[in-house]
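Here is a short report for a reader new to this structure. Please look over the chains first, then read on.

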Amino acid sequence: MTKIRTKSIGSMLLIAAMLISMSFFSCMTALCSSDQKLVVGEVWTMGSVDPAMHSYELNNFLVAEGLTSISPDFKIVPCLADSWETSGSDSWRFHLNKDIKFHDGSKLTADDVVSALQRTMKMNPSVTGQLNIKKITKVDDYTLDITTNTSDASLPARMAYGRASIYKINEDGDGTISTPICTGPFKFVSYDKASDTLELAKNELYREGAPKLDAVTVRFGIGDANAREMAIESGEVDFTTEPPLGSTKRLQGDASLNVIIHQLCQGYKLKFGDVSKAPYDDIKVRRAIAYAVDRESIANDILLGRGKASDGNALTPGLAWRNNDIKGYSYNVQKAKDLLGEAGWKDTDGDGIVDKDGKSFKITLYTWPQRPALPSIAQAIQSQFKEIGIDAEVRIMEWDAISDRADEWGMMWVAGGDACMMIPDPSYYIEGQFLSSNCDYHYKNAKVDDLIMQARSTFDEDKRYDLYKQVQKIVYDDDCAQVPIAFHYLCVVTKKDVKGYVPNPVHHDYCISSGIYRE
Amino acid sequence: MLKTRNLNEFLKNKAAVIGLIIILVLVITAVLADYISPYDTDKVALKEKLKPPSWQHPMGTDQLGRDVLSRIIYGTRTTFELSLLVVLFTSTFGVSIGIVAGYYRGIVDEILMRLIDVLLAFPSIILALVIIGAIGPGVFNTVMAISLVGWLFYARVARASTLSIREKEYVEGARAMGCSDAYICFFYVLPNCLPPIIVLMTLSLGSVILSIASLGYLGLGAQPPTPEWGTMLNDGKEYLRDCPWLSVFPGLMIMISVLAFNFIGDGLRDAIDPRQLVIK
Amino acid sequence: MLLNFIKRLGIFCLVLVISTTLVFFMLHSLPGEKAVVMAKYIFLGNVELNPSNEEIQQVKDKFDLDRSLMSQYISWAGAALHGDLGKSYQSNDPVSEEILIRLPATITLAFVSVLMSLFIGIPLGVLAAVKQNSITDYLCSTTAVLGISMPNFWLALLLILVFSLKLNLTPTIGYGGLSHLILPAVTLGTASSAVIMRLTRSSMLEVMRQDYIRAARGKGLSGRSIFLTHSLRNALIPVITMIGLEFGHLLGGTVIIETIFAWPGIGRLLIDSISARDIPVIQGCVLFITLMYMLLNFTIDAVYPLIDPRIGGN
């Protein structure tokens, strides 16, 4: 009897030991073989990987880096350069981090920076324009001087622009680079042109430590929102953005998915075609239009939570140079009507449309179809205008066709996108929108031009920002040069087990984070 | 041309008759839209947005709070007007070219036909997109864009008919009598082309409706807030799975109209003396 | 015979010239200044940004756009005659490469869709013709018409929803193996099958009526199957033309389907290039589509006599 009992206990113990070790091993294998791979479904196409043309995308996917970088709370931080200072009013000296290696193991030196930037500027005329660089000279292996065309306090910020990223010059016979070698947390593995798919692998040599993901696959060009949504629901992609407008609630209720809606540096606004002639040359008319827009309703009922009504300033809340004391124009139909009346626009013939000196206030409201909310916003504004007596016809066209029509009487457009942080510096947006020499809608205010010119050569950050804040007060409150409507929020959808995504609102439209991992 | 015998045979075809009834109902809807539509089609009412079908709104409301049923009813008018215009333009132009090519033959005929072949190869949607890109979107421009591509089949069919007719004795006789080419083309050739052309017109109405819908789906075509089934489908894209009524009803209307036109066209083709028919 | 061939070749060249010229000049009537649009798409990578005047001038200099349209066309045509289609403005890769890498996807999809229409359309069409005006006929005809009446983007999304998402049978989008091919091919094939089915039916009906009359007048009853085969051969002639047309049409790319399924085909290349004013690519595609189409026509014309020896000329 004792024998059998020992045997039974023995076998029980044996079985127990086997079970425990089995579960232990399966835990181990689960941890070891958990797939640290991410497949991203991207809306836009890329087409080629030459960094001179596409380092913006490479930067968004953490392959390429620039001299400086910008943090999610909008601060310029060192990246490939440790520090920088001005050496003269139009020249900056950058000191490179001495421990940076390219993906192929070679060290980054000033020579690499100079040749990469020069090649990019030669091949891509728009980068030359954006960077405002006259000359780049190497001082020693880890120091270089950049001379700007004009006295430019914003140069360090410009170097954070995605297209100013640094790469090795490994051109093929025909002068194109098809295997970029850069410095970021992920390195280039392959690019399939036909299917527009980019394969990346983790960079073990990354100076801040390798990222958690082993590999990233980016599938570009999934333009149809429904197809994108079905791809993530079926698990073919793990990370995507901008599902159809109406899907938010359903996706939030899907147990296998994670939905993150976060701020971006973009928004919607009303732009006048020409403020130097009738009817928009009258400040009262512009203000009336600003009062007539029901921003809350647009943010809630059209953007369906993927946006927020603007307070009157199109710059993103949180920017250090943003003037947060803009009064703005809250929705007030009566005030709008009164202002129009004061400007001489009254409904004299009883047709519901105001007129002046025999001319009816009939305008065309243009917008483009690429952003799904725009046509609806335009139609909502059309009906809001009707209430104050403006008859607006909505036309949806391609962007270029719209800008051709800027000199039609009363031309107005609902613009989307409107990125204010392509370069993380106030000069980018403020100069682009309000400097009279650049201005495509003929806005001209000498005081604004003055302030902007002053700010260009003011190197003290606080004083600079203060100048830009003054500009904002003038253009938004005093002059009502443009009418901001709402901020655009990005809707990111990931599989439930994708963790560690830190939204960085600066990138147009988003960038992945090195801290992403699969649980 | 069309004799009573043909008419009887057409009426025997049940599908064709059903198609005819459907189209008649739709045409009446289009004409009486102002009286039967329960709501205004372009009144934006954001608080009523995206409501599913109910007693107040049998087809629900769209993303701007407008009643879908009313927009479908008015959409009938827009869609039918547009398609009729396109078919009229394309048939007139195409038949003229086809008759000229078939009657005069020779190098003109060869070049025209090869050019038509190439144009037929061209993805018509791309051609339409480029044309609309050049002249801008909008109702009239959509008509132009589709017409510029749509006349090709008419030319082919008309040419084939012309080829078969020009050898006939009575045409020879007319020529001998000194009738001008134009006279012969108009009074002898044209009537002979008509039966297959009428069949083609009916069938094209269906495909034109689809083309207009496709252009509407791409965001070009009738401008908002004009209700048109294709642009309604486009608007519904962003709410496809969560508010399917925005897409299902316009899509069904497109399908039903195209079906009806095809049934009528098929019935016509079967009923008309087959020896006069030329296969596409 | 030889004269005919030379004449054909001459017309072929003329058509090539006309189509490329037409497209080239049409492209320049698109709105917006070419250099501005190119600066946005190709260099800025973002439609919503405004290039500065300096940037626009640099684009003009880089691609020598300040020349007259005529001289630009002539330099393109001159190079094309030597087989050099130039380089894409966007990717800086040769245009021929851009087209060739998308050929497999386009041809596969076109081929399978046309095969579908052959194997579904023809048998159904014959069946409907033989059993004219019966329930079978109505069923076949209605199914066929349904196939042509449904907007194809609708069908595409519906198929993805049912077969990929709910039933998990196929992947949703992308280009890969057979499983990726099914849904796009079915979407396109449905419309093609419907067209072929109806054409087969009407063609069979016409031939059957003629043959029936002839047979009835003639030697007496031939076997039903002999009669059927004989009619079928004649009836198939216009069907073959149509199949050729369909294949040629699909080779030009199907933009909407390619967008929805993220299918790397010629259609999307063409559309993207038109938006970006990537002239070399557009011209290259036009050349390619015209060439393919002409080749197809030649092949079909050569196949005719094999089916019906009575057809010698045109």
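Asp62(B) is buried, at a relative accessible area of 5%. Buried means under 20% relative accessible area, exposed over 50%, and partly exposed in between, with a 1.4 Å probe and protein chains only. Asp62(B) forms a salt bridge with Arg71(B), and their closest N and O atoms are 3.7 Å apart. A salt bridge here is a side-chain nitrogen of Lys or Arg within 4 Å of a carboxyl oxygen of Asp or Glu. Arg71(B) is buried too, with a relative accessible area of 3%.

This is a predicted model, in which local features need pLDDT of at least 70, side-chain atom pairs count only at pLDDT 80 or more, and totals for chains, interfaces and linings use all residues. Residues are numbered from 1 along each chain as its sequence is written, chains are lettered from A and ligands numbered from 1 in the order in which they are written, and side-chain values use heavy atoms, with hydrogens and water left out.

**Salt bridges**

How many salt bridges does the structure hold over all chains? There are 40. One of them pairs Asp214(A) with Lys202(A), with the closest N and O atoms 3.2 Å apart. This pair links distant parts of the chain, 12 residues apart. Lys202(A) sits in strand E9 of chain A, and Asp214(A) in the loop between strand E9 (197-202) and strand E10 (215-219). Helices (H or I, at least four residues) and strands (E, at least two) are DSSP runs, numbered from the N terminus. Asp214(A) is partly exposed, at 39% relative accessibility. Lys202(A) is buried, at 17%.

Another bridge runs between Arg241(B) and Glu229(A), where the closest N and O atoms are 3.2 Å apart. Arg241(B) lies in the loop between helix H10 (229-236) and helix H11 (245-271) of chain B, and Glu229(A) in helix H6 (residues 225-233) of chain A, so the pair joins two chains. Glu229(A) is buried, with a relative accessible area of 2%. Salt bridges that share partners tie Glu229(A), Glu233(A), Arg250(A), Arg241(B) and Asp242(B) into one network.

**Surface patches**

Which residues form the nonpolar patch on the surface? They are Val27(B), Ile28(B), Val31(B), Leu32(B), Tyr35(B) and Ile36(B), with about 590 Å² of accessible area together. Accessible areas come from the Shrake-Rupley method with a 1.4 Å probe, and for residues only the protein chains shown count as cover. Patches are made of residues with over 30% relative accessible area and no salt bridge; like charges are joined within 9 Å, and nonpolar side chains (Val, Leu, Ile, Met, Phe, Trp, Tyr) within 5 Å. Helix H2 (14-31) and helix H3 (33-36) of chain B each supply at least two residues of this patch. H2(B) gives the most, with three. Leu32(B) is in the loop between H2 and H3 of chain B. At 36% relative accessibility, Leu32(B) is partly exposed.

A patch of negative charge on the surface gathers Asp347(A), Asp349(A), Asp351(A), Asp391(A) and Glu393(A). Lys and Arg count as positive and Asp and Glu as negative, while His and the chain ends are not counted. The place of a charge is NZ of Lys, CZ of Arg, CG of Asp or CD of Glu. Asp349(A) is in the loop between helix H10 (333-342) and strand E14 (355-356) of chain A. Asp349(A) is partly exposed, with a relative accessible area of 48%.

**Backbone details**

| Peptide bond | Omega |
|---|---|
| Ala278(A) to Pro279(A), cis | near -5 degrees |
| Pro224(B) to Pro225(B), cis | about 0 degrees |

Pro279(A) lies in the loop between strand E12 (257-272) and helix H8 (283-292) of chain A. Pro225(B) lies in the loop between helix H9 (181-217) and H10 of chain B.

Leu62(A) is not a glycine, but its phi is positive, near 60 degrees. Leu62(A) is buried, at 14% relative accessibility. His442(A), not a glycine either, has a positive phi of about 60 degrees. His442(A) is partly exposed, with a relative accessible area of 46%.

**Cysteines and chain C**

The structure holds zero disulfides over all chains. A disulfide is a pair of cysteine sulfur atoms within 2.5 Å. For Cys243(B), the nearest cysteine sulfur is that of Cys491(A), 15 Å away. Cys243(B) is buried, with a relative accessible area of 8%.

Chain C has 12 helices and zero strands. Its C-alpha trace spans about 85 × 60 × 30 Å along its principal axes. Of the 314 residues in chain C, 53% are buried.
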